[in-house]
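Let's learn to read helix packing and pockets together.

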Amino acid sequence: MAEPSTTDRLDRSAIITLVALSLGILVVANDFTALTVAVPSIEHDLDTTLNRAQWVINGYTVVFGVLIVTGGRLADLFGRRRIFVIGALIFGAFSLLGGFAPNIGLLIAARALMGIGGAMMWPSVLGMVYDIIPKSRSGLAGGLIIGVAGLGNSIGPLLGGILTDTLGWRWIFFVNVPVALLAVLVVLRNVPESKRGSGIRVDYAGIASLSAAVVLVLVALDVGSANTFASPWVLGMIALGVLLLPVFVLIQRRQGDDALVPRRVVASRQFSGALISILLLGSVFFGVLVYVPQYLEKELGWSAFAAGAGLLPMMLTFATVSFAAGPLYHRIGSRLVVGIGAACLTAGVLVIALVIGTGYLPLVPGLVLCGIGVGLYFSAVTTAAVTAVRPEDSSLAGGIVYMGNVAGGSLGLGVNTAIVLAASAFTVGIRNAFRVDAVLGVVGTIVAVALLRSEGSRTRTPS
């Protein structure tokens, strides 16, 4: 494949803008993990229980996962720059409120509202980055976004631990404010507004039905993993959430081009293949992310901070490899990069399943394999999905892909938890759960290789 021409080089303004957008991605991704090590301090300072303090993390994750598709659709309809700026201001304002929160109720509310801001920022950033970077180098966009997100996830526990131990957990919130404001100023100065949808109405019924379905399922899975999946409340929420999905599909068919998820997006074989694959492989990644630290804490007696640091072989490899995935995407094609990444992630979780229970060092090769897999797979599959749709739908496509990752991860985590709880011992349960994850990884790899196109980039359908 030919190298990009000089006309495809990024100018100084584009580079400054990409740095600002990367900072936006960094704070949103960092906030998924930074507070994990601060929960005990929050519990103590605000005189609350562990169950309530845990919702400081869960509230952000659930709201973000629920609204990201809506955020993507709004960005495509009303302008990516506008929605990003509104989202960043919401994120920054409620970060400030969270930092000053005098009680756990207000802190949870602030975190949930930060999730709204994050859900507006993330798909807007996806759309703007793919607009800024030339089509011939679209793989770079996926690598940049996923790489920075991986870096944010990786340093989250470390940064959160340092701030909590020195300045206090409230500074985890305060540092978001100047970063969000800087990103807003740079974007307003350097990014022209994207083309907006004309004559299209907001699909309120679609937003309501999809949001309700995702909220019910995610909350049920969260409550079930903390307590029991046999609870009538948990089973009822899951059943109602699943029943709402066909309702959402019917609403989308009736809405046509006004739909939250127009038929033209999901009709793409490449996009659908990427989404199915992500649903399966998201569960593999989430399983490792949650149960390896739990093993380190519960079986090896590590502290929460040390257990978070124990994931660094995976997370730093993930972040590093993501940046290399862009050039590979154009050199050998999306199908190979996605296939190799999915295979490495699957092999990594299988290696961990075989050696778990024998200490930490034997886990490291499996963690590194997972990091290589995640870095190659998620950046390449995101690019394949976003470039499979029309340019005016790219933020929506990015939102759907990320929600697929969160939904697949949450569902897989629920399955993993059920397997762990059913086992005779904790380590045996993790081993059994990771074997199931490896099977899901094999299926996800086959789907990706079968349905994705082989070329490194694709010419988009004209609008």
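Q: In which hand does H4 pass H5 at their crossing?

A: First, a caveat: this is a predicted model, where local features need pLDDT of at least 70, side-chain atom pairs count only at pLDDT 80 or more, and totals for chains, interfaces and linings use all residues. Residues are numbered from 1 along each chain as its sequence is written, and side-chain values use heavy atoms, leaving out hydrogens and water. Now, H4 passes H5 in a left-handed crossing (left-handed if the near helix is turned anticlockwise from the far one by less than a right angle, right-handed if clockwise).

Q: At what angle do the axes of H4 and H5 cross?

A: Two packed helices are described by the angle between their axes and the distance between the axes. Here helix H4 (residues 80-100) and H5 cross at roughly 155°, their axes coming within 7 Å. That makes H4 roughly antiparallel to H5 (under 35 degrees is roughly parallel, over 145 roughly antiparallel, 65 to 115 roughly perpendicular, the rest oblique).

Q: How do H5 and H17 pack?

A: Helix H5 (residues 104-132) meets helix H17 (residues 394-422) at about 130°, with axes 8 Å apart. So H5 is oblique to H17, and their crossing is right-handed. On the H5 side, the contact (heavy atoms within 4.5 Å) includes Trp122 and Pro123, and on the H17 side Gly398 and Tyr402.

Q: Which helix gives the most to the lining of the second largest pocket?

A: Rolling a probe the size of a water molecule over the atoms shows where empty space is left. For this pocket's lining, H17 gives the most, with eight residues.

Key. Axes are lines fitted to C-alpha atoms, for helices over the stretch in contact, and angles run from 0 to 180 degrees between N-to-C directions. Helices (H or I, at least four residues) and strands (E, at least two) are DSSP runs, numbered from the N terminus.
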